[in-house]
Amino acid sequence: MTVTDDRAAVEFRQSIDMDTELERLLESAAVLSYDPDQEIDWDKPLDPTKYGLNPEWSTLYGTALWDRMSEQQRIDLTRHEVGSIMSTGIWFETMLQSMVLRSQYSADYGDPEFRFALTEIADECRHSLMFSKTCSKMGVPHYRPRRLFHELARVFRTTANGEMSYAAILVAEEVLDVMQRDWMRGENVLEEVRTSSKIHVVEEARHMKFARMEIREHLAGISKPRRHVAALAISIVAAIIVDSLVNDAVYANVGLDPEEAKAAVKGNTHHQNLMRMSCVHLMDFLSEVGLLTPAAMRIYRTVHML
């Protein structure tokens, strides 16, 4: 950042009393944090009648293929889908931890921003362990993103600047938040998924607030070209995350024809509308801070986020 940018960021921080907000987030973390090993009984047998996620959130719900599937196939599919989403969450949380830690490398170790950043990293470590154990308990594979996406993410986590890093974090957390708010209330959803969703929703609420604060701070005073570059990069990362949520292999793993299933997903307007609904608040925020440019909007529309 230039001297002018630095001054703008300082003025922004002072104008919202960011340190006070960070202290509040730290207090919240001290009161509202969970140990998954205390909240989830990992040795308890799975309920064979429960779905992995609300059926309405399945990528095939509302299609003719879903109507032809047996009840057991539907249960199996939703368990593989939520397992894939959780594995994608682990993949992104490892990137998140790397980006947050890199942003704090030269920080003042007495600053509440530094302390909350490390608190967030600790939360994400527990979330990744929780998702890993949930997938293993369900007996589903630990799905991975495409190799190209995996390598692109490796570059992004190493090179992304402040606004790109925290906006990418916010995108991933916002998309999952709406889904998991439904899953944690789903009476026909596995108890393990409901509980892990509740833990994630409560703790990620702090992370999303922190990310919004950081984005605003990093955007204060930056040039228009830099803002447009950031907007485009963030939209590409968002598209990769959304595209990676449900691995194509889940369909073959539950006995479906992969090509038929992928064609059904591509034409599933019900699921596309759910995705748009889950991104409404995110898009409003990106628009508010100047990160919803025409080029970015075209990318978001390709994955039905807008």
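A crossing of two helices is called right-handed if the near helix is turned clockwise from the far one by less than a right angle. In this predicted model, the crossing of helices α5 and α7 is right-handed. Helix α5 spans residues 71–103 and helix α7 residues 147–159; their axes come within 9 Å and cross at roughly 15 degrees. Angles under 35 degrees count as roughly parallel, and α5 and α7 are therefore roughly parallel to each other.

The residues that form this contact were then identified. On the side of α5, the residues are W91, M95, S98, M99 and R102, and they meet F149, H150, A153, F156, R157, T158 and T159 of α7. Sorted by class, the contact of α5 with α7 comprises six nonpolar, four polar and two charged residues.

Open space in the model was also examined. The largest pocket holds about 590 Å³ of space. Its lining consists of 23 residues, and those nearest the centre of the pocket are V242, D243, V265, H271 and H304. Two or more residues of this lining are given by each of the helices α8 (162–183), α10 (224–244), α12 (258–266) and α13 (269–278). Helix α12 supplies the largest share of the lining, with four residues. In terms of class, 13 residues of the lining of the largest pocket are nonpolar, five are polar and five are charged.

Methods. Residues numbered from 1 in each chain as written. Predicted model: local features only at pLDDT ≥ 70, side-chain atom pairs only at ≥ 80, totals over all residues. Heavy atoms only, no water. Axes fitted to C-alpha atoms, helices over the stretch in contact; angles between N-to-C directions. Parallel < 35°, antiparallel > 145°, perpendicular 65-115°, else oblique. Contact = heavy atoms within 4.5 Å. Nonpolar A, V, L, I, M, F, W, Y, C, P; charged D, E, K, R; others polar. 1 Å grid on protein atoms, 1.4 Å probe; cavity = no way out; pocket = protein on both sides within 12 Å on 5 of 7 lines; lining within 4 Å. Points joined across faces, edges and corners; volume = space filled by probe spheres on them.
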